[in-house]
Amino acid sequence: MELTAALRGQTIQNRVREVGINPNHWYPVAWAHQLPPGRVIPVVVWQQSIAVYRDTAGQVHAIEDACPHKGVELHLGEVHGDRLVCPYHGWEFDRSGQCVHIPYFPPDQKLPCATALSYPAQERYGIIWVFPGDPQLADSRPILEVPEYDDHNCLMIPITGVFNAHFSICNENTMDVFHGFLHKDLQGWFDPVLLNLQDSNSSVQANYRVSYKGTLSKFLGLSTNSDGVTTRNVSVHYQYPHYHSTMEGVSSLYLMRLPVGPNQTRSFSLLFLPKVRLPKWLLRAIKPVLVPLVLRFIFMPFLEQDVGMMESEQRTYQKDAKRRYVEVNPAIIALQRLILRQYEQFMQQSSQSNPANPASQPPFESWQDQSSNSSIEPLTVPHSGKGQ
Ligand code: FES
Ligand SMILES: [Fe+2]
């Protein structure tokens, strides 16, 4: 549905800082190059510790990071062929997490029934992805499309983010184009206007108009005159749980979010600069130098400022979780509603299909404290009357 883009104050509840994820989506856990064949690494997807390994044939697998024998973390082990071997007693687990060999058992002895949870895993866009929810849903849930990934003439900059903050705080930062003030010393954008806003059960799209000037905008191909002001449209599309943000053919950012726990979030982003188009051979030659330079001197200063704000928000929240805040951007309100809705839908489905499932229990004590007030707070963002 389309929402009006008027800015007006609304008091928001902090329940959005307390929800967990809807695990029935693909989440990024590592860059593919961090996992060569025969290697195993530990990752955490919303408090679930997972050992991700690449077998010697190059396939990626993910199993619970706890040996069913005594609980030793399996990421401390070794990869043998397509199996993961626990470092303690050498029990071997196949890709489904089942124990298939115990080195000190005679060949004819029956193995105990010992299985670690396994998770669907795959590699795409140079990223390792894990599906932490119901494995039967994995094939029906697509990973965000990144069509620019195969355009080898386009400069691609991978960006890793680590934030000591709840994922809702991080997601709001990405949706919030009104924080150009923070980046004023970096020649960021100014005079933002929210043009329109649309939301659905799984997405929020906000279109803004912003202005730029200075040498950075010239480098990015925004203007030909470094003193001139250029006005552009920026689209920010949150397709739960990831983002795609574009600026009128100048940049395209895919921001893949990994909620690690209640106060830690990571991101794996791919930034494409289609205007920096060079022949493939030249791009390949200068990329190893160009990418770190662009990252260090252009994008990291922005990211570091954002990290400062997100972590500050988180610290204040942790001091007083009941404190209320005023939000004026309807895109943020719509985003919060979506995060709450996705979580509540998952909780509902989870408790219906398996009432004893621990995943259907509240993630934090503070959630339980507010159980008398557990429905999504009605919002007063007025509709334009155009349903869809
Ligand atoms: S703890 Fe893993 S094999 Fe014993
Ligand atoms: Fe920012």
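Author: Start with Arg-296. At 43% relative accessibility, Arg-296 counts as partly exposed. Note that this is a predicted model.

Reader: Why is Arg-296 called partly exposed?

Author: Buried means under 20% and exposed means over 50%. Arg-296 has 43%, so it counts as partly exposed. Glu-304 also has 43%, so the term for Glu-304 is partly exposed too.

Reader: What makes Arg-296 and Glu-304 a salt bridge?

Author: The cut-off is 4 Å between the side-chain nitrogen and the carboxyl oxygen. The closest N and O atoms of Arg-296 and Glu-304 are 3.7 Å apart. By this rule the count comes to 8 salt bridges.

Reader: How do you know that Glu-172 forms a salt bridge with Arg-17?

Author: The closest N and O atoms of Glu-172 and Arg-17 are 2.8 Å apart, and the limit is 4 Å. Glu-172 lies in helix α1 and Arg-17 in the loop between β2 (10-12) and β3 (27-31), so the pair ties together parts 155 residues apart in sequence. Arg-17, Glu-172 and Glu-313 are linked in a network of salt bridges.

Reader: Are Glu-172 and Arg-17 buried or exposed?

Author: Under 20% means buried. Glu-172 has 8% relative accessibility, so it counts as buried. Arg-17 has 8% as well, so it is buried.

Reader: What about Arg-54 and Glu-123?

Author: Their side chains meet in a salt bridge at 2.7 Å, N to O. Arg-54 is in strand β5 and Glu-123 in strand β12, so the pair ties together parts 69 residues apart in sequence. Arg-54 counts as buried at 8% relative accessibility. Glu-123, at 40%, counts as partly exposed.

Reader: Which residues make the nonpolar surface patch?

Author: Leu-7, Val-326 and Val-328 make a patch of about 280 Å². Patch residues need over 30% relative accessible area. Val-328 has 41% and counts as partly exposed.

Note on methods: Residues are numbered from 1 along each chain as its sequence is written. Chains are lettered from A and ligands numbered from 1 in the order in which they are written. This is a predicted model: local features need pLDDT of at least 70, side-chain atom pairs count only at pLDDT 80 or more; totals for chains, interfaces and linings use all residues. Side-chain values use heavy atoms; hydrogens and water are left out. Patches are made of residues with over 30% relative accessible area and no salt bridge: like charges are joined within 9 Å, nonpolar side chains (Val, Leu, Ile, Met, Phe, Trp, Tyr) within 5 Å. Accessible areas come from the Shrake-Rupley method with a 1.4 Å probe; for residues, only the protein chains shown count as cover. Buried means under 20% relative accessible area, exposed over 50%, partly exposed in between (1.4 Å probe, protein chains only). Helices (H or I, at least four residues) and strands (E, at least two) are DSSP runs, numbered from the N terminus.
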